[in-house]
Each structure stands twice: as structure tokens, then as C-alpha cells.
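Biologist: I would like to learn how to read a protein model. Could you take me through one, feature by feature?

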Amino acid sequence: GVLTWLCESFPKHLLAKLPFLSSMEVTRFALPVSLCVGLLLAGSIDSWWSAVTRWWPSKENHARRTMARVVIAVLVVAAFFPLLNTYSVPFRVTTANEPSWYKRNATHLAPGTAVLTLPFAYGVKSQPMAWQAESDDAFDLIGGWAFVPGGNGVKDEIMSPLKGPVEALHELSRWPSCTTVSEENTIRSALMKWRPLVIVEVPHFAKPGTRAAMTATSGLAPRHTNGAWVWTITRATHLGAMLKMRRAPSCRTSDLSKSR
């Protein structure tokens, strides 16, 4: 436990200079630290409980044994209070909150139709990937993420072959009111390439202003279906002219300061 705790606390810039250890993710050492702490607590509780019986074995000392065990129980609760306060014990299992559109409409899409979700499916907490799984992979999802071998053959990195469109759509999802002309052009080119395509925005999960940003970028008006805003782009669809002007360069900075 001490060894893994020291590894977890080791400065990253120094760890990167060491052979073999440079490819390790220091946060992973938190798992054996927690395991060792749990084993120490379990062994300590068991030892104290057994010691009480050895110290006061006779019936005449029943009151003392009882009092000592009450003290041990109180100390155990105090030791585990941070855990009980952080997590619900026992752990609760809940059903994924799948939006209605993915339950009722996704399975009826024409073969070969791709789905672009807003918020965009990218990053470790990508909920649209879960919606796709809940729909039994009934559609092709634009985006997604995976851990792949890094460029140096050692470290993992999150990447996508979509490159430019990924960055632009990720920015539109995070900062819909600040989409630049360059990002709009990148998105428009990608939309034309991905036809036939359905763009789905779930307002409950998307940032405010996402619908307006996508409407302005595509030049198409969405329709509201089963709690979602939907844009349909077929092979014959011609995207309209962009409606938005370039926003001030400080837009994202000001929004970030507000969110903080």
C-alpha cells in the first residue's frame, strides 16, 4: 500500500524520464492503494474484536465486552463515514436514460442512414454511444471514441479518423453560440459527404443555443419529433446559405469564465 501510494504521488515529469514506468498512468495506482487500505481496516477490525474476547473472557465481564464492542462499532462507522457519505450503499443499478427518439425512431431509419447526435458523440462520457447500444446498433453513429495505441507506440490516446469535423462539431456542442465561419464550413462539407444523414438534438442533454447553431450552419429548419429536434439530409438535399456571422474571438473565453 505504501509503495503504490508513493507511485501515485510521484511527479509525472520525473516518472516520464524513467524506463518502463514512463508508460504507466499514475492514477491507476489509486486502485491498489484503496485495496490495501480496505484490507488493513478489515484486519484491524477483526483483531480488535477478537482482542476484546481475550481480554474479558468470563461472564462477569460481559458489560465490559459489550461496551468495548460498542466503541469498536462506533469507530468503524466513523472510519467508513466518508465512503458512506460519498456513495450509496448498497450500490444502486439504474436503467440508462435513453431519449424517446432513439427508442421510437432510430430503429426505423432507412438502411445506410447515419446519425449525427447533438451533443456530439466524442469523449469518455459520450452518452450517444450508450443510446446506440440501447438501440441494438440500429444505426451508424457519427463520432464515438476509443482508446488506441498512441503515435509513439506506447501511450494511449483518444483520436478519430474524422479529424477536422470532429473538432468543429465538438466545439459546436460545447460553445454553440461561438461557432466560427471556418468551423461552419468544415461542418457543412462533412454533412454533404455523410449523406444520407439524420442530425438529432436532444435538448435535455445539449447546450442552450445548439439548435440555432446547427440550423444556421446547415441552413435547414428542423422538425420536433418525440422530444428531439431532427434535421434530415438526403442525397438530394442542398444545404442553405449560412446565416450566422463570425463571433468575437473572446466569446469562448467569456463563456468559460461565466461557467466557472
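Predicted model: local features only at pLDDT ≥ 70, side-chain atom pairs only at ≥ 80, totals over all residues.

Biologist: Thanks! In what order do the strands of the open sheet lie?

Modeller: Let me give you the terms before the case. Helices (H or I, at least four residues) and strands (E, at least two) are DSSP runs, numbered from the N terminus. Two strands pair if DSSP finds at least two bridges between them. Here, 5 strands form an open sheet in the order β2-β1-β5-β7-β6, and the pairing is mixed. The edges are β2 (140-141) and β6 (223-225); each has a single partner strand, so one side of each is left without a neighbour in the sheet.

Biologist: Which strand pairs could I look at for each direction?

Modeller: For the parallel sense, take β1 and β2, which pair over 2 bridges. There, V115 stands opposite L141 in β2. For the antiparallel sense, take β5 (residues 197-201) and β7 (residues 228-233), joined by 5 bridges. V200 has V230 in β7 as its bridge partner.

Biologist: Is strand β1 (residues 114-118) buried or exposed?

Modeller: The words have cut-offs: buried means under 20% relative accessible area, exposed over 50%, and partly exposed in between (1.4 Å probe, protein chains only). In β1, 5 of the 5 residues are buried, so this strand is largely enclosed by the rest of the structure. Both of its faces are covered, with A114, L116 and L118 on one side and V115 and T117 on the other. Compare that with P111, in the loop between α5 (100-104) and β1. P111 counts as exposed, at 82% relative accessibility. The C-alpha atoms of P111 and D140 are separated by 9.4 Å, although these residues are 29 apart along the chain.

Biologist: And what about salt bridges: how many does a search of the whole structure find?

Modeller: Side chains of opposite charge can pair when their charged atoms come close. A salt bridge is a side-chain nitrogen of Lys or Arg within 4 Å of a carboxyl oxygen of Asp or Glu. The search finds 1 salt bridge. It joins the side chains of E171 and R174, at 2.2 Å from N to O. Both sit in helix α7 (residues 164-174), and being 3 residues apart they are separated by about one helical turn. E171 counts as buried at 15% relative accessibility, whereas R174, at 40%, counts as partly exposed.

Biologist: Which residues gather in the patch of negative charge?

Modeller: Patches are made of residues with over 30% relative accessible area and no salt bridge; like charges are joined within 9 Å, and nonpolar side chains (Val, Leu, Ile, Met, Phe, Trp, Tyr) within 5 Å. Lys and Arg count as positive and Asp and Glu as negative, while His and the chain ends are not counted. The place of a charge is taken as NZ of Lys, CZ of Arg, CG of Asp or CD of Glu. Accessible areas come from the Shrake-Rupley method with a 1.4 Å probe, and for residues only the protein chains shown count as cover. The negative patch on the surface holds E134, D136, D137 and D140. Of these, E134 is in helix α6 (residues 127-134) and is partly exposed at 44% relative accessibility.

Biologist: Which residues form the nonpolar patch?

Modeller: M67, V70, V71, V74 and L75 do, with about 470 Å² of accessible area together. Among them, V70 belongs to helix α4 (residues 62-86).

Biologist: Finally, which backbone details deserve a look?

Modeller: Start with the cis peptide bonds. One runs from L118 to P119, with omega near 10°, and P119 is in the loop between β1 and α6. Another joins R195 and P196, with omega about -5°. Then look at phi: D136 has a positive value near 60° without being a glycine. D136 lies in the loop between α6 and β2 and counts as exposed at 67% relative accessibility. N226, also not a glycine, has a positive phi of about 50°, and its place is the loop between β6 and β7.

Note on methods: Residues numbered from 1 in each chain as written. Heavy atoms only, no water.
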